[in-house]
Amino acid sequence: MSFRYSFEDLLALLHGHAPAKVDAVALHRRRVEHGHLSVGLKIHCLGDGSQFSTLVEGLGGAQKILDVNYYKHSHASLCLVLPPVGSARSAILLLECIEHFIGSALFSNPEIQIQVCSPGRLGARRSALLAIGFYLGSDTLRRYTLGDLATSFAEDHYRPRGRRLVLYDAEGDFDQNFDWWKESGKHRLVEGQLPFENGRSDLLTGSGSRLDIQNINLLATLLVHAQYQGYWNQFGMQFQGEMEALLERHVLNGLVDAPWVRTDDAESDDDDGFFAALQELVAYAFEESARIKKEGWHEKPVRSSRGILQEVQTLLQKYRSELVRQSQLLDQGGRA
């Protein structure tokens with residue numbers, strides 16, 4: 001990802017406004033938790049961006065911080081790229097530090113679009129599961145237009161990304177220096193670098209929450225380990241099977257075949273085909289929520305709902321707990 005400032009400079013700038021949180025981020029910046037993937041973040045501001053002016057100037061000015069990054073949401077005044085960190089916990093803390101500095105909310109703010117970046121490019125089917133799992137597992141129901149998903153790379157001549165929830169990177173800077181858990185026989189082997197020289201799977205959350213970042217990190221970890229034979233490969237394959245079975249029970253399994261990410265395959269160049277699948281998913285979720293809660297169709301919390309929303313949230317919680325449990329067993333010298 002393109003940023004032309006050091007992490008140390010960013011933390012030094014933020015320190016006076018949230019010293020304890022900044023110290024925690026600095027201490028654990030590269031710590032990978034329970035074999036999860038590292039986390040990158042991009043902040044797209046749909047307002048005038050004035051709340052970021054002091055931050056941008058403190059890091060070296062717009063020409064150094066913003067203008068080097070051609071990529072941004074098509075309606076954004078700016079896109080601030082943050083250095084990657086080792087965990088969802090550190091990513092959330094970093095955003096909270098920035099909130100303190102700019103005096104404005106980043107989470108659940110309709111003028112702020114949070115993009116979560118995960119190392120490793122997922123194939124088309126697993127990209128679909130990443131997007132569907134994110135949407136159904138979120139603590140907020142959203143409606144989209146295709147314009148909400150348009151970026152400056154949507155129709156780029158060399159790296160077209162389309163209008164999608166899941167986006168491949170544009171082969172920019174890539175930080176490999178995070179732990180990767182792999183299996184060696186029956187044992188865990190921790191390598192000090194990610195096995196990818198380049199390549200990410202990004203998710204444009206829209207108005208994102210803390211839970212969204214945690215869920216995307218969990219989903220990406222399971223699916224990337226399944227695709228690249230990481231230590232959690234077995235759990236990733238199991239999760240994929242359970243997620244596909246869940247969608248089949250709700251007669252939504254056909255959605256997975258839609259082009260949720262723009263790949264090198266010419267047939268994936270179908271924004272309308274993707275959006276039709278997304279709209280079907282959105283309609284199903286809203287109808288279910290309205291039926292259960294007897295409420296209108298506006299944006300609202302859904303954590304207490306039942307049906308597919310509750311099923312996906314329960315499934316994610318199951319795997320989140322299981323990865324932590326197995327990781328703790330490994331740390332105690334046992335076998336996962």
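Reply: Let's start with the largest nonpolar core, which has 99 residues. A nonpolar core is a set of buried Ala, Val, Leu, Ile, Met, Phe, Trp, Tyr and Cys residues joined through side-chain atoms within 4.5 Å, and buried means under 20% relative accessible area, with exposed over 50% and partly exposed in between (1.4 Å probe, protein chains only). The residues with the most contacts inside this core are F52, L82, Y135, L136 and W260. Helix α5 (residues 88–102) gives the most to it, with 10 residues. Helices (H or I, at least four residues) and strands (E, at least two) are DSSP runs, numbered from the N terminus. In soluble globular proteins, nonpolar side chains tend to be buried together.

A quick word on what you're looking at: this is a predicted model, where local features need pLDDT of at least 70, side-chain atom pairs count only at pLDDT 80 or more, and totals for chains, interfaces and linings use all residues. Residues are numbered from 1 along each chain as its sequence is written, and side-chain values use heavy atoms, with hydrogens and water left out.

Now zoom in on Y135. Setting aside neighbours within four places in sequence, Y135 is in contact (heavy atoms within 4.5 Å) with L141, R142, Y144, L281, V282, A285 and F286.

Next, find strand β7 (residues 200–204). Five of its five residues are buried, so β7 is largely enclosed by the rest of the structure. In a regular strand the side chains alternate between the two faces of the sheet. Here both faces are covered: R200, D202 and L204 are buried on one side, S201 and L203 on the other.

What does β7 pair with? Strand β3 (residues 112–119) pairs with β7 in the antiparallel sense over five bridges; two strands pair if DSSP finds at least two bridges between them. C117 has D202 of β7 as its bridge partner. Strand β4 (residues 166–168) also runs antiparallel to β7, joined by three bridges, and there Y168 is partnered with S201.

Back to cysteines for a moment. A disulfide is a pair of cysteine sulfur atoms within 2.5 Å, and by this rule the count is zero. For C79, the nearest cysteine sulfur is that of C117, 8.5 Å away. C79 counts as buried, at 4% relative accessibility.

Last stop: S327, in helix α10 (residues 308–331). S327 is buried, with a relative accessible area of 1%, and it touches H34, W181 and W232, not counting residues up to four places away in sequence.
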